[in-house]
Amino acid sequence: MKAKETFLKWLDGDFDLLAHVADTDEHPDPGRAELKREKRHINRRIDSSKAEHRVERAEEKGFYALYTLVAVVSCVFLIGILLFTISSLPRYGVENPETTEVVRRYVENGLEETGAVNIVAGMILDYRAFDTLGESHVLFTALICVTILLRIDNKNMQSRYEDYFKIRMERYHELTGESIAKIVGMVLIPSIFLYGIYVLLNGQNGPGGGFSGGTVMGAGLIIFAATYGFDCVDRVFTAKRLNLLTFCALGFYSFAKGYVFFMGQNGYENHIPKGTPGAILSGGLILPLDIAVGLVVACTMFGFYSLFRRGSIGGGWKSDREL
Amino acid sequence: MDFITNIPLFTIVLSLFSGVLCMMLSDRAARRYTFCYEVLLIAGVAAVLFYTVKTGQAFTYVMGEFPAPWGNEIRAGVLEALTALFFLIVMLCSVTAGRRFLLVDVDDSKRNLYYTLINLMTAALLAMVWTNDIFTGYVFLEILTLTSCGILIVREIGRTTLAAVRYMIMNLLGSGLFLLGVVLLYDVTGDLLMVPMQADIARLSGDPRNMLVITMATGVLTVGLAIKSGLFPFHYWMPDTYGWATPASGSILSSLVSKCYIFLLIKIYWRVIGIEVFEKMPVRNILFVLGVCGIVFGSLSAIRASNVNRMVAFSSAAQIGYIYMGIGIGGLPGYTAAIFQIFAHSVTKSLLFLTTPRLAEASGNSLKFKDLEGSAVRDRNAGFFFLLGAFSMIGIPIFAGFSAKLLFGTAAVEVSGDRKILTVILALALSSVLNALYFLRTVIRIYQKSPNGDRTRMLHRADYNVPMGILTVLNLAMGLFSWIFADLIQSGLLMFG
């Protein structure tokens with residue numbers, strides 16, 4: 001009976017996973033007392049009689065079995081009709097002039113129109129640049145959400161206070177020991193950064209670009225922070241600087257693309273040189289935009305790691321709060 | 001080309017930039033900046049609305065140097081401009097009226113991030129309204145999903161985190177299904193822009209093999225967006241999400257976010273699938289049945305609710321049911337009624353979600369019905385606004401809710417067969433009775449004299465009363481001059497086709 005009740009309560013939104021944790025909210029949580037009372041009531045009912053308890057256990061088992069059965073049946077049904085739909089899709093690789101009109105122009109004229117050898121880069125940063133503008137802000141939004149959830153502040157400090165000191169202690173140990181990791185890191189980290197920069201700058205000429213290059217650089221930063229400790233990273237990447245970097249990159253992105261859209265629609269020349277295809281300075285805006293996206297991605301990756309590890313982006317909790 | 005046609009581009013790009021900018025500003029500066037910026041946006045969008053009404057046709061805006069099937073495009077017609085205008089006004093009123101609650105619910109160091117999310121959300125809402133490209137719709141749908149979770153968890157109590165986790169799971173399921181639908185459609189048509197897609201689908205719909213894929217894609221898209229907007233079997237995330245969020249967020253989530261998904265769905269039906277092709281599919285009738293179920297079961301859940309916020313949240317489920325019922329009725333009148341209901345409900349629900357926390361504040365921070373006794377006497381303005389909102393929800397004439405119900409009734413009579421007419425009329429009658437049952441119960445309770453009526457009266461300031469007044473005036477305008485709005489919506493829908 002308990003499982004069923006809990007499930008029904010979950011459906012109603014009444015189920016309280018956090019009933020046993022002290023509320024971090026300083027204001028009285030309306031409805032909490034009532035829920036506790038309900039919970040006690042349920043507990044009492046469950047304890048009331050053993051025979052009844054046994055019946056409830058059986059019912060609970062039945063409920064679980066039914067739940068699993070319904071879930072499995074509906075999933076199998078969904079998989080079945082989706083597979084059936086896929087079987088009636090057009091065959092892959094068969095030339096169909098009506099559905100490949102768009103793709104053909106990307107492949108045939110992409111190099112000439114965007115100046116990028118890498119057609120994918122030309123497509124996402126020139127033909128369909130508006131989508132990519134949104135996509136880079138998706139990352140930024142995710143960073144803001146994680147910051148709201150995890151950055152230590154007055155409201156969630158109570159629950160994270162002990163964590164915070166534990167992390168301080170960990171960081172102390174991190175700095176004193178583990179020399180193997182440091183030596184490996186010394187070899188590995190510069191090459192990772194170099195590779196990241198290479199991937200970032202060659203987005204218009206080969207596989208790579210902002211998202212992949214930024215991820216590699218972000219991974220380099222994370223390994224740096226993990227082997228040498230946050231104190232080392234914080235000397236360069238304070239929260240303020242990381243925020244400023246993100247701001248400049250995304251601001252540049254928005255304004256550059258806004259300019260291109262505006263000029264394009266109103267029929268003006270936008271005066272952005274395309275360059276020689278294959279050279280590093282080619283592809284018009286693709287290179288600067290790749291750099292901007294790469295910086296945002298690297299900052300976001302490092303920001304996630306830092307927030308999960310210690311509850312602030314750069315510097316200790318104090319310096320983060322002063323921001 | 002007139003300069004006004006550039007405004008839709010500016011609204012999206014500048015909103016994205018404002019979001020990033022607010023991260024760098026202090027709390028105060030971010031708040032003031034957001035306020036000024038939103039006022040500017042409203043003026044701009046109003047200009048677009050005026051322009052499209054004057055010229056009598058929609059315009060498209062090429063994003064970049066490459067024309068329709070290759071580059072991105074946005075589009076503005078009467079309906080898009082009207083929707084954007086409504087969304088922006090409700091957004092500004094919610095944020096302004098909810099500011100005082102933000103001071104309590106959000107930590108000092110994170111209040112500027114709240115405005116960051118609000119600006120990003122504005123960008124996403126506007127992009128989803130203006131878009132003429134189904135994949136752009138998906139990208140900004142992601143931003144909307146993330147920002148809506150963000151403005152929920154910003155309160156940082158265990159309950160909002162828990163509610164956000166569930167909201168996020170449901171939302172991601174919806175996003176995944178939506179993407180699946182887009183991929184299926186792309187596979188058969190080879191396009192992502194709405195106009196060439198519709199032409200391809202009209203050509204393909206004769207072939208049963210392709211029609212199967214198109215029907216399946218429509219179904220998957222519909223289920224995805226129905227989960228996100230909270231149609232009947234998927235509405236259980238609503239009470240927690242709306243009820244525990246900080247009031248400004250609750251109001252935005254219930255009146256803008258879920259409505260924006262429905263608007264995108266309607267846009268897809270008209271501009272991607274093509275309304276003639278869509279009306280032949282069984283999807284419409286399923287939506288009709290689920291909509292009617294939502295109306296009944298949402299109201300029944302609202303009657304059982306023990307706290308006022310949960311009651312208002314469950315009544316949202318019923319109101320979402322109305323919108324889907326309108327889609328199910330179909331035809332021009334059905335969609336007009338559905339979109340009218342989107343506006344009417346967003347105006348009313350934001351009013352209700354912003355008054356209940358004030359009533360609770362006057363009753364020792366308790367949202368329980370028995371504690372709310374006499375709260376309207378202690379906080380007269382909030383009580384009055386709640387009364388007006390409740391009247392609109394019940395469907396008392398001169399309020400927007402009544403006009404919406406009237407439009408649904410007439411639409412059913414104009415378009416449908418006998419059985420559907422009967423179902424719609426019965427659903428409307430039943431829902432009105434149920435609405436009256438639980439809203440009047442609340443109204444009577446909050447106006448009752450309570451034994452502990454000597455509590456201090458609430459202070460009122462212009463930053464609460466003015467936005468609430470604007471929402472009320474909009475509500476009354478929609479009730480009294482409903483034909484103006486209905487005509488605008490109808491001409492916008494005709495531009496869609």
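Me: Where does B:Leu372 lie in chain B?
Reply: In this predicted model, B:Leu372 lies in the loop between helix 14 (331-361) and helix 15 (375-378) of chain B, where helices are DSSP runs of H or I with at least four residues, strands are runs of E with at least two, and both are numbered from the N terminus. Residues are numbered from 1 along each chain as its sequence is written, and chains are lettered from A and ligands numbered from 1 in the order in which they are written. Local features need pLDDT of at least 70 and side-chain atom pairs count only at pLDDT 80 or more, while totals for chains, interfaces and linings use all residues.

Me: Is B:Leu372 buried or exposed?
Reply: B:Leu372 is buried, because 25 other C-beta atoms lie within 10 Å; the term requires 20 or more such atoms within 10 Å, exposed means 12 or fewer, partly exposed is in between, and C-beta atoms are placed from the backbone.

Me: And which residues is B:Leu372 in contact with, leaving aside neighbours within four places in sequence?
Reply: Those are B:Val308, B:Leu359, B:Ser363, B:Arg445 and B:Ile446, with contact meaning that the C-beta atoms, placed from the backbone, lie within 7 Å. The C-alpha atoms of B:Leu372 and B:Ala360 are separated by 6.6 Å, although the two residues are twelve apart along the chain.

Me: Switching topic, at what angle do helix 12 and helix 18 of chain B pack?
Reply: Helix 12 (residues 283-304) and helix 18 (residues 418-447) of chain B pack at about 15°, with their axes 10 Å apart, and that makes helix 12 of chain B roughly parallel to helix 18 of chain B, a class that takes angles under 35 degrees. The axes are lines fitted to C-alpha atoms over the stretch in contact, and angles run from 0 to 180 degrees between N-to-C directions.

Me: What classes of residue make that contact of helix 12 with helix 18 of chain B?
Reply: The contact has ten nonpolar, four polar and no charged residues, where Ala, Val, Leu, Ile, Met, Phe, Trp, Tyr, Cys and Pro count as nonpolar, Asp, Glu, Lys and Arg as charged, and the others, Gly among them, as polar.

Me: How many residues of chain B are in contact with chain A?
Reply: 64 residues of chain B are in contact with 58 residues of chain A, and helix 6 of chain B gives the most to that side of chain B, with eleven residues. That side divides into 38 nonpolar, 15 polar and eleven charged residues.

Me: How many helices and strands are in chain B?
Reply: Chain B has 20 helices and two strands, and 65% of its 497 residues count as buried.

Key:
Two residues are in contact if their C-beta atoms, placed from the backbone, lie within 7 Å. Angles under 35 degrees count as roughly parallel, over 145 as roughly antiparallel, 65 to 115 as roughly perpendicular and the rest as oblique.
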